[in-house]
Amino acid sequence: MFDGSLAMPFHTLNPCHILGHVNTHRALHKSRLQPVLAIPPSSILLHTDESGKFPDSKKGSGLRGRDSSDSLLSQANTVGIIGGISVNSALNFLKKLVHGSSKEGKDCFPFVLCSDPVLNKELLSHERNSCPFPSRHNEKSPSDHSAIAENLQNKRFFLEKSGVQCIVMPCHILHSWHDEVSKGCSVPFLHMGECVARELKEAKLKPLEAGSPLRIGLLASNATLAAGFYQEKLQSEGFEVVLPDKATMEHTIIPAIEALDRNDMEGAQNLLRIALQVLLVRAVNTVILASEEMRDVLPEDDPLLKKCIDPMDALARSTIKWAQAAEKGT
């Protein structure tokens, strides 16, 4: 489901129920003009109403029950995607899935995408209220953690009812509620932090300083750092996690986000470079850049990016790996 602005190109269809029957390879050539069309056959994009609820597709149908005869999709490798803080972030993740899985002339696996403008606003409020920088606080609209958890659980129930066989959340801050939302889930529910930690473990990195532990830097929003799930997953794999100190947060990272709010890209780039260099001089092997806002600040050819990891890439690779194994029945 996309918000109203993205549903507008489909004005001849019901914006709440959009079925994708598009040839992936032809659609990819058109993705620059109409990225929303670059979806594989049998994929579904659904839109909530203003209350954040799904429209009823069938009278009396519920979200909690899982009955394959009543599912929208029945393929064994169908993936459910819960979008988070922005629609653009969900679309970027879809591009990674499509390009990563559509190799050797194959189409991308089927998916159901949930992108909710109500949840977008709640998460943005949560991020801003978690920020120690006064100008980004919004005391009139405090985030309701229980409401966010309930929203996510409703989406999980819907996706299970739709027939998905795996669920992912391509949003960092959403993983603050991963344990709560995934509890009792009938299908695998991938965790972005686990995906990153597993890939780093498999890379068999060597410490930069003899006799020292493997150090991994972590740059993220204050809300993501406070949630602690990246630190927990990395430490469970034996890594020492190096976080920005208070001075770095107050004088580089938060001002970099402030610069983005002012559309001062050059200022944001300079501040982010300083923050990355501060972590790198502390002998970290690599830096996990776990922020939707900071991910696209630096140009792709910036040397500092070669020392960074985007958790979205790790989640996309794990999702593709799962889908390929599910298709083969392994």
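At what angle do the axes of helix α10 (residues 246–261) and helix α11 (residues 265–280) cross? The two axes cross at roughly 150 degrees and come within 8 Å. Axes here are lines fitted to C-alpha atoms, for helices over the stretch in contact, with angles running from 0 to 180 degrees between N-to-C directions. The model is predicted: local features need pLDDT of at least 70, side-chain atom pairs count only at pLDDT 80 or more, and totals for chains, interfaces and linings use all residues. Residues are numbered from 1 along each chain as its sequence is written, and side-chain values use heavy atoms, with hydrogens and water left out.

**Helix pairs**

Helices (H or I, at least four residues) and strands (E, at least two) are DSSP runs numbered from the N terminus. Because angles over 145 degrees count as roughly antiparallel, α10 and α11 are roughly antiparallel to each other. Their crossing is left-handed, meaning that the near helix is turned anticlockwise from the far one by less than a right angle. In α10, the residues that meet α11 include T248, H251, I253 and L260; their counterparts in α11 include M265, L271, I274 and V278. Contact means heavy atoms within 4.5 Å. By class, this contact has 12 nonpolar, four polar and no charged residues. Ala, Val, Leu, Ile, Met, Phe, Trp, Tyr, Cys and Pro count as nonpolar, Asp, Glu, Lys and Arg as charged, and the others, Gly among them, as polar.

α4 and helix α5 (residues 145–162) pack at about 145 degrees, with their axes 11 Å apart. This crossing is also left-handed. L119, E122, L123 and H126 of α4 contact H145, A147, I148, N151, L152 and K155 of α5. These residues divide into five nonpolar, three polar and two charged.

**Loop residues**

D116 lies in the loop between β4 (111–114) and α4 (117–130). With a relative accessible area of 0%, D116 is buried; buried means under 20% and exposed over 50%, with partly exposed in between (1.4 Å probe, protein chains only). The side chain of D116 makes a polar contact with that of N151 at 3.3 Å. Such a contact is a pair of N or O atoms within 3.5 Å; within protein, one must be able to donate a hydrogen and the other to accept it, and residues adjacent in sequence count only if both atoms are side-chain atoms.

Two residues other than glycine with positive phi are tabulated below.

Key:
Parallel < 35°, antiparallel > 145°, perpendicular 65-115°, else oblique.
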